[in-house]
Amino acid sequence: MYSEKVMDHFSNPRNVGELESPSGIGTVGNAKCGDIMRIYLDIDENQRIRDCKFKTFGCGAAVATSSMATELVKGKTIKEAMEVTNKAVMEALDGLPPVKVHCSLLAEEAIHAALWDYAEKNGITIDGLEKPKSDIHEEEEEEEY
């Protein structure tokens, strides 16, 4: 059912925890399934993500997608982090079962929410970034396939 990479990131999640003084924090959830994901970003003066941590309350796929998402954005510029989509997270994990696709969408939205928080704190605009949704619904997932 789950790929080896999903199982690895669930059993040995990378970047778990909080950052002491994050540049941005993004929290998103899906009320229907109960998953809640929080991503912390440390962004330097050149708008490069120095560090990224997460805390997730949810299923194994939610933990695995959070872990992979932090790996995908760490060391990237804000612009590069904006290109990390739910599809990219799923591909990096060698796929997810259809009923768990919403977990990858949460990961993408949590990154965007953390970037939004950073932009708000610094009075900047990030091209292509929209105000995050607090609850990610199933209907929105279907558009992402």
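## The Arg50–Asp42 pair

Arg50 and Asp42 form a salt bridge, with their closest N and O atoms 3.1 Å apart. The term salt bridge here means a side-chain nitrogen of Lys or Arg within 4 Å of a carboxyl oxygen of Asp or Glu. Side chains of opposite charge can pair when their charged atoms come close. Asp42 counts as buried, at 18% relative accessibility, while Arg50 is partly exposed, at 48%. For those labels, buried is under 20% relative accessible area, exposed is over 50%, and partly exposed is in between (1.4 Å probe, protein chains only).

This is a predicted model, where local features need pLDDT of at least 70, side-chain atom pairs count only at pLDDT 80 or more, and totals for chains, interfaces and linings use all residues. Residues are numbered from 1 along each chain as its sequence is written, and side-chain values use heavy atoms, with hydrogens and water left out.

Now for the strands. Strand S2 covers residues 35-43 and strand S3 covers residues 49-57, and the two pair in the antiparallel sense over eight bridges. Pairing requires DSSP to find at least two bridges between two strands. Strands (E, at least two residues) and helices (H or I, at least four) are DSSP runs, numbered from the N terminus.

Which residue stands opposite Ile43? That's Ile49, in S3. The hairpin has five residues between its strands, and Gln47 takes a positive phi near 60° there.

## Other salt bridges

How many salt bridges does the structure hold? There are seven. One of them joins Glu18 and Lys55, whose closest N and O atoms are 2.6 Å apart. Glu18 sits in the loop between helix H1 (4-11) and strand S1 (24-30), and Lys55 is in strand S3, so this pair ties together parts that are 37 residues apart in sequence. Both ends are partly exposed: Glu18 has 47% relative accessibility, and Lys55 has 41%.

Asp8 and Arg14 also meet through their side chains in a salt bridge, at 2.6 Å from N to O. Asp8 is partly exposed, with a relative accessible area of 29%, and Arg14 is partly exposed too, at 24%.

## Out at Asp127

Is Asp127 buried or exposed? With a relative accessible area of 71%, Asp127 is exposed. Asp127 and Ile43 are 84 residues apart along the chain, and their C-alpha atoms are separated by 17 Å.
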